[in-house]
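This report describes selected features of one protein model. Please keep the sequence and the structure in view while reading.

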Amino acid sequence: MIAELDEHLVYSGDNNGMILLWSAVDESLRCTLEGHTAKITCLHAKGKRLYSGSADLTIKVWECQDDTNACLATLEDHTCVIEGLALFKNRLYSHGIDNIVKVWSIEDFSSIDTLDGNTNRVREMAIRKDERVYVMSDYNNTDKNRRVVHAWDRVGTIDVPTYSP
């Protein structure tokens, strides 16, 4: 996993749970962020914050200032490995292999919502400007050649037609 914080700094996740901060200028290791206890599975950088998901079922929020990086919060509500993170406005969206999307406040780090109802493993996630959340799954349970897109808006689940390649 790799995330770029700015044009000078790049973060990478390791299998041992460490996050490494690299200089994009001279490719030197600047520092490490420790706190996860299992493989880093996803990273998302925005502004001076880095969000990391892990096989330890947690998300960590890091405040990144030059070579000093502090863990601001640990978000714990997933029951399976976290595979993806997306940020939109003041919300962090996370998904894991449990087919569930969690919504978090990035202001007080509380869990805001759980989007369930998707019966397939979530592979990709996108959030539109109107805060509609789309996820793409590998396949549906009846036809292994079909991709499934599921969507939620503020009112509830939206039916979206499946896609066959």
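The side chains of E63 and R49 form a salt bridge with an N to O distance of 3.5 Å. The term salt bridge denotes a side-chain nitrogen of Lys or Arg within 4 Å of a carboxyl oxygen of Asp or Glu. This pair links distant parts of the chain, since E63 belongs to strand 7 and R49 to strand 6 (residues 49-54), 14 residues apart. Strands are DSSP runs of E with at least two residues, numbered from the N terminus.

The model is predicted: local features need pLDDT of at least 70, side-chain atom pairs count only at pLDDT 80 or more, and totals for chains, interfaces and linings use all residues. Residues are numbered from 1 along each chain as its sequence is written, and side-chain values use heavy atoms, with hydrogens and water left out.

## A salt bridge between K102 and D77

By the rule stated above, the count comes to 2 salt bridges. K102 forms one with D77, and the closest N and O atoms are 3.2 Å apart. Here too, distant parts of the chain are linked: K102 is in strand 11, whereas D77 is in the loop between strand 8 and strand 9, 25 residues apart.

Are the two partners buried or partly exposed? K102 is buried because its relative accessible area is 7%. D77, at 32% relative accessibility, is therefore partly exposed.

Two strands count as paired if DSSP finds at least two bridges between them. Strand 7 (residues 58-65) and strand 8 run antiparallel and are joined by 8 bridges. W62 has C71 in strand 8 as its bridge partner.

Another open sheet has 4 strands in the order 9-10-11-12, again with antiparallel pairing. Its edge strands are strand 9 (82-88) and strand 12 (111-115). Strands 11 and 12 form a hairpin with 5 residues between them, and F109 in the turn has a positive phi of about 65 degrees.

## The surroundings of S94

S94 is located in strand 10 (residues 91-96). At 0% relative accessibility, this residue is therefore buried. The side chains of S94 and H78 are joined by a polar contact of 2.7 Å. A polar contact is a pair of N or O atoms within 3.5 Å; within protein, one must be able to donate a hydrogen and the other to accept it, and residues adjacent in sequence count only if both atoms are side-chain atoms.

Leaving aside neighbours within four places in sequence, S94 is in contact with several residues, including I59, H78, K102 and W104. Contact means heavy atoms within 4.5 Å.

Definitions and conventions: Buried < 20%, exposed > 50% of the residue type's maximum accessible area, 1.4 Å probe, protein only.
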